[in-house]
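Take a first look at the protein chain shown here.

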Amino acid sequence: LRIARLFFSSTLSLIIVATSIFFVFETSGPLKQALQESGIYGAPISDAVTEQETTADIPTTNPGIQQALEVAMPPAFLQNATEQVIDGTYDWIHGVTKEPTFSVDLTPARQRFANALASYVQQRLDTLPTCTQVMYAPTTIDALLALTCMPYGTTSTEIAIAVRNQALTSSVFPANNMLDSSTLKDPQGRALANRLSFVPVLHKYFIVALFVLPLIALLSALATIYLSTSKRSGLKRVAWLLIVSGAMSVILAAAGLWLIKTGISLFGPSAISTLQGKLYVEILFADMRIWWFILGGGYVVLGVVLLVTLKIHPVRPTLALGRDEDFTPQTQDPIIVQDILKPINNDQNKK
């Protein structure tokens with residue numbers, strides 16, 4: 001009975017979690033909407049490219065280069081590219097394709113970056129005084145950005161053209177100017193699609209669990225009812241388990257937003273520690289807790305209805321037919337019974 005009650009209460013909670021995850025994450029729409037509402041596409045692009053500082057051939061932490069990157073990848077471009085990645089990844093998770101299928105052409109972005117960077121360098125050089133000593137113009141972008149005077153024998157236009165040519169071949173963007181599944185790699189250089197090959201398998205088990213969990217809950221509820229001393233007491237146990245599980249779900253849904261904020265602040269990775277990162281996580285959780293409220297409230301209502309039904313229909317007394325020895329003669333004067341039995345006893349003693 002204890003095992004049945006444990007299984008019943010546990011599966012009730014798992015059903016709430018699994019259902020909320022299914023309705024929020026099974027399609028790409030809620031994720032796209034959350035990212036858009038969070039304003040993450042309008043966040044400075046420098047946060048994303050700073051991680052490439054160790055491998056990029058230009059200093060991505062330079063304010064001028066960051067400004068050029070923002071010109072190269074405006075919010076509309078970032079949103080379109082991100083949604084292509086999301087759609088291709090969802091097709092892979094759902095088993096439609098064998099690997100994430102998305103392809104974002106970064107050629108226009110690279111050209112905008114090169115033009116913006118060349119314009120920034122030229123404007124900066126035009127404000128510098130001419131060098132008092134003879135020196136040649138540097139050949140690298142980082143050295144050009146560090147100039148404090150205009151080199152002798154060259155012009156800002158010539159330097160800007162050289163900067164543009166270097167930017168067109170910079171490693172800030174992929175060499176083939178395409179963003180696909182092979183481009184996304186972990187810090188060790190391994191493709192994320194290969195490392196996360198277990199995700200489609202987990203999705204299949206998750207879909208199966210959506211059907212198995214209600215069946216386990218039903219069987220454990222029946223076991224709780226029939227293993228109790230009576231069906232009525234078993235129904236009461238089931239009703240109270242529904243009420244307690246539903247109430248806990250509602251309480252967690254109410255306090256969950258605070259828990260999420262605290263968890264992000266303490267343990268959240270840098271990707272979601274920013275304001276926009278927190279916002280889209282909170283938006284997604286807000287969509288999930290709606291289902292926590294709905295299902296938790298449904299549990300409570302179902303449990304209360306079950307208790308009220310048992311209260312309205314009390315146990316009716318029934319006539320139980322027992323064995324012969326259960327029936328004893330009823331009389332107001334036991335002496336009469338003894339008098340009747342005396343002759344029989346005397347005859348038996350004589351025999």
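## The chain as a whole

The protein chain has 14 helices and two strands as its secondary structure. Helices here are DSSP runs of H or I with at least four residues, strands are runs of E with at least two, and both are numbered from the N terminus. This is a predicted model, in which local features need pLDDT of at least 70, side-chain atom pairs count only at pLDDT 80 or more, and totals for chains, interfaces and linings use all residues. Residues are numbered from 1 along each chain as its sequence is written, and side-chain values use heavy atoms, with hydrogens and water left out.

Of the 351 residues in the protein chain, 34% are buried. Buried means under 20% relative accessible area, exposed means over 50%, and partly exposed lies in between (1.4 Å probe, protein chains only). The chain exposes about 21,800 Å², and carbon and sulfur atoms supply 63% of that area. Accessible areas come from the Shrake-Rupley method with a 1.4 Å probe; for residues, only the protein chains shown count as cover.

Now turn to contacts, meaning heavy atoms within 4.5 Å. Take the contacts in the protein chain with a separation of 6 or more: residues 24 or more positions apart account for 73% of them.

## Helices α1 and α10

Two packed helices are described by the angle between their axes and the distance between the axes. Helix α1 covers residues 2-25, and helix α10 covers residues 199-227. Their axes come within 8 Å and cross at roughly 150°. Axes are lines fitted to C-alpha atoms, for helices over the stretch in contact, and angles run from 0 to 180 degrees between N-to-C directions. The two helices are therefore roughly antiparallel to each other. The cut-offs are simple: under 35 degrees is roughly parallel, over 145 roughly antiparallel, 65 to 115 roughly perpendicular, and the rest oblique.

The crossing of α1 and α10 is left-handed. That word applies if the near helix is turned anticlockwise from the far one by less than a right angle; clockwise makes a crossing right-handed. On the α1 side, the contact residues include F7, F8, L14 and F22. On the α10 side, they include F206, L210, I216 and T224. By class, the contact has 17 nonpolar residues, four polar and one charged. Ala, Val, Leu, Ile, Met, Phe, Trp, Tyr, Cys and Pro count as nonpolar, Asp, Glu, Lys and Arg as charged, and the others, Gly among them, as polar.

## Two further helix pairs

Helix α4 (residues 63-72) packs against helix α6 (residues 107-126) at an angle of about 140°. Their axes are 8 Å apart, and the crossing is right-handed. Residues G64, I65, Q67, A68, L69, V71 and A72 of α4 meet A109, R112, F113, A116, L117 and Y120 of α6. This contact divides into ten nonpolar residues, two polar and one charged.

Helix α2 (residues 29-38) and helix α5 (residues 75-93) have axes 11 Å apart, at an angle of about 160°. That angle makes α2 roughly antiparallel to α5. The crossing is right-handed. From α2 come L31, K32, L35 and Q36; from α5 come Q79, T82, E83, I86, D87 and Y90. The classes are four nonpolar, three polar and three charged residues.

W92 sits in helix α5. Is W92 buried or exposed? At 8% relative accessibility, W92 is buried. Beyond its neighbours within four places in sequence, W92 contacts residues including T97, P100, A193, L196 and P200. W92 and S197 are 105 residues apart in sequence, yet 9.5 Å apart from C-alpha to C-alpha.

A193 lies in helix α9 (residues 192-195). A193 is buried too, with a relative accessible area of 17%. Leaving aside neighbours within four places in sequence, A193 touches W92 and P100. From A193 to P100, the C-alpha distance is 7.0 Å, across 93 residues of sequence.

N177 is found in the loop between α8 (156-168) and β2 (178-179). Its phi is near 55°, a positive value in a residue other than glycine. N177 is buried, at 15% relative accessible area.

I294 belongs to helix α13 (residues 275-312). With 48% relative accessibility, I294 counts as partly exposed. The C-alpha atoms of I294 and S20 are separated by 9.9 Å, although the two residues are 274 apart along the chain.
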